[in-house]
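The following report describes a two-chain protein model for a reader who works with coordinates.

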Amino acid sequence: MAQLLKVEDLKVKAEGKEEEILKGLNLEVGEGEVHVILGPNGAGKSTLGSSLIGSPEYEKIGGKVYFKGEDITEESADKIAKMGMFLSFQNPIEVPGITLSNFIKTSLEIKTGERIRLWDFKKKLSETMKLLSMDEGYADRDLNVGFSGGEKKKAEILQLLMLKPDLAILDETDSGLDVDAVHIVSKGIEEYRKSVGGALMIITHSTKILESLNVDKTHIIVDGRVVSEGGPELVSEVNENGFEKYENM
Amino acid sequence: MKEKTQVEDIDRSIYDFRYADEDAYKVEEGLTEKIVGKISDEKNDPDWMREFRLKSLGIYNEIPVPDWGPSIDGLDMEHIVTYVRPNTKRMQTNWDDVPEDIKDTFERLGIPEAERKSLAGVGAQYDSELVYHNVRKEVSERGVVYTDIESALRGEYAELIKEKFMTLVPPTDHKFAALHGAVWSGGSFVYVPKGVHLDIPLQSYFRLNAKGAGQFEHTLIIVEDDAYLHFIEGCSAPKYNVANLHAGCVELFVGKNATLRYSTIENWSKNMYNLNTKRAIVDEGGKIEWISGSFGSHVSYLYPMSVLNGKGARSEFTGVTFAGNGQNLDTGTKIVHNAPETSSYVNTRSISKDGGINTFRSAVVIGAKAKGSKSAVSCESLMVDDISRSDTIPAMDVRCADADVGHEAKIGRISDETVFYLMSRGLSEEEARALIVRGFADNVSKELPLEYAVEMNNLITLEMKGSIG
């Protein structure tokens, strides 16, 4: 598969702090592949997700990030997003005064550079919400405001399905969800694979969300570095034995 | 280097044009008995009004300047011209008769167009005098009176005006109410008879063109029992490098089971001291709805007040204030619950940027007679950057055990987290910030009448530095 993302010896620290969180991380994702990122708490998994898409909270102090062959190391979040990267937030932000529907429409129009006909948009949005068992009333509610944890995560997947990125980074999308919600989110991710065919980078603790997906590659991150890589079998291995083995490497 | 986002100022170019005022008649600068007497001469005041002005001047000279709000040191009363008569003989009811430059001014502000489209009547004040006033025939046929106070003082309702004029806002209220009593000029008188329901609004537009002048229009509205009126006022002025003063006075009388909706879009230029006083008294089952958009002026003191005087009377206040560079806007509302089962609801948003200062000041008084009354105050402030300022000063004075009083205040900044969240979906930093600010004001701006929502959108259009997209 053609290369989509390449992370080369990436070193990242939090803005205003000295300590390195990512200490020379290497990673490659091919087009349409499914990658899983595993690692103990504080290993730098979420930092990786946020800094890849250009969060100003983090500073890249070494290494390079290439997306679709372009160096995006110093690029801002909006440019990276428009190139086709998407981050599903671990804690989606509440934004009063902007409805979910309006926000998705605005994002879509900015991404495509074209005005979208309201009728077409509404139809597509309504279909997608149905797929995610989301009450359509949420479309007219302010973005994430007063949404339950589960609805916030569904709203992220809704954005994923509407914006159709080439690479979706899911940061703990399944954490804190009940069984039903995990099932629905999984269904959404399957749909993304099926209809968009985009690549996935799944940062997770649990394996439930992975059951219905064909994982191409698993990366284990400990202390800011990839310490082990393998196929889907690595997931079940970590599930049984934890990270102890890797932490002492 | 990342370019720092700057949310630009409101585009004032559509307001910021002016005409020479050479031909206009002006009184001298400052404030003396002689000047006040001259205004009375100009207006051919009835004797009681002549005395009222002089009495007010005496009160003005005795009351100190308020010392609790934004500084008004830049206002030098010795140099404010209190009366400027535009170069027109008298108020016109035919648009074609209005002098060319004045006509052009209002055309550019879109007033005659609005009249044609969606208004029942229009008044246009230029400096100290109304230059145009017109009411649709079908409206006046229903007994609705809409004219300037000067004409009304000589008309059918002369006695009524004498009875009501500056009784809700007496000259003793504060220094600028006294000033108003002395030098008031222009404004509107509206009378809506019992049971008349006016579906389309009346509108007055106030334009202060003369440099270093003051505008002191008086608005007196009487809505009789079971009647309905929506009154809109708009204000603007070109910018000068000397202080201008606006000390208008609005007195609203709302009858039993009547409703008055009073909307204001104020966009004075940034050399303006806006020291305006507005007050409504509401009878049994009646309702006052204040819609207030404050965008302009250098300093504002503005707190429309509702006196709920009859059982079940209601007040709703919806306001948005936008303070930019060099602006110190002290706005809010006061409600006095004076009767049982009265209710008040206050919902405001304020936005400050580029070092602008916003203060929300409210007072809710629940009197001993106001059994079973309710009040809910909610104010939210947003600071766009870290050099701007926002304060909230709510006061509650509850003298009745059986009352339900609530207050909610939120002050926030645009968080970097929120901006990043929106940017991660492809919005540029500028687009993200603009969306947040618009979203913040939205709950309030949608209360505005349509044509004013458009003006508000123009006002709130946040022009961004740097390319978009």
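## Organisation of chain B

In chain B, 84% of the contacts with a separation of 6 or more are between residues 24 or more positions apart, a contact being heavy atoms within 4.5 Å. The structure is a predicted model, in which local features need pLDDT of at least 70 and side-chain atom pairs count only at pLDDT 80 or more, while totals for chains, interfaces and linings use all residues. Residues are numbered from 1 along each chain as its sequence is written, chains are lettered from A and ligands numbered from 1 in the order in which they are written, and side-chain values use heavy atoms, with hydrogens and water left out.

Chain B contains eleven helices and 25 strands; helices (H or I, at least four residues) and strands (E, at least two) are DSSP runs numbered from the N terminus. Of the 469 residues in chain B, 62% are buried. Here buried means under 20% relative accessible area, exposed means over 50%, and partly exposed lies in between, with a 1.4 Å probe and protein chains only.

Two domains are assigned in chain B, domain 1 (25–415) and domain 2 (416–469), with bounds from an automatic or database domain assignment. Their C-alpha centres are 29 Å apart. Helix H9 of chain B spans residues 416–423 and is mostly covered, with six of its eight residues buried. The buried residues of H9(B) are Thr418(B), Val419(B), Phe420(B), Tyr421(B), Leu422(B) and Met423(B).

## The interface between the chains

The size of an interface is often given as the accessible area lost when the parts come together. Between chain A and chain B, the buried area is about 2000 Å², and carbon and sulfur atoms give 71% of it. This area is the accessible area (1.4 Å probe) that the two parts lose on being put together, summed over both. Chain A supplies 29 residues to the contact and chain B supplies 19 residues.

How many salt bridges are counted between chain A and chain B? The count is one salt bridge, a term that denotes a side-chain nitrogen of Lys or Arg within 4 Å of a carboxyl oxygen of Asp or Glu. Glu156(A) and Arg425(B) form a salt bridge, with an N to O distance of 2.7 Å.

## Salt bridges within the chains

Over all chains, the whole structure holds 29 salt bridges.

| Pair | N to O distance |
|---|---|
| Glu59(A) and Lys13(A) | 3.3 Å |
| Glu237(A) and Lys245(A) | 3.4 Å |
| Asp397(B) and Arg399(B) | 2.9 Å |

The salt bridge of Glu59(A) with Lys13(A) has one partner in strand E4 (residues 58–67) of chain A and the other in strand E1 (residues 3–14) of chain A, so the pair ties together parts that are 46 residues apart in sequence. Glu59(A) is partly exposed at 30% relative accessible area, whereas Lys13(A) is buried at 12%.

In the second pair, Glu237(A) is partly exposed at 23% and Lys245(A) is exposed at 51%. In the third, Asp397(B) is partly exposed at 28% and Arg399(B) is exposed at 57%. A network of salt bridges links Arg261(B), Lys287(B), Glu289(B) and Glu316(B).

## A mixed sheet in chain A

Chain A has an open sheet of six strands in the order E6-E7-E8-E3-E9-E10, with mixed pairing; two strands pair if DSSP finds at least two bridges between them. At the edges, strand E6 (85–88) and strand E10 (225–230) of chain A each pair on one side only. On average, neighbouring strands of this sheet are turned by 20 degrees against each other, direction ignored.

Strands E3 (residues 34–38) and E8 (residues 199–203) of chain A run parallel and are joined by four bridges. Within this pairing, His35(A) has Met201(A) in E8(A) as its bridge partner. Helix H6 (residues 179–196) of chain A packs on the sheet, where it touches E3, strand E7 (167–171) and E8 of chain A, and its direction makes about 155 degrees with that of E8(A). Axes are lines fitted to C-alpha atoms, for helices over the stretch in contact, and angles run from 0 to 180 degrees between N-to-C directions.

## A buried loop residue in chain A

Phe147(A) is located in the loop between helix H4 (118–131) and helix H5 (149–163) of chain A. Its relative accessibility of 5% counts as buried. Apart from neighbours within four places in sequence, Phe147(A) is in contact with Leu100(A), Tyr138(A), Arg141(A), Asp142(A), Lys152(A) and Ala155(A).
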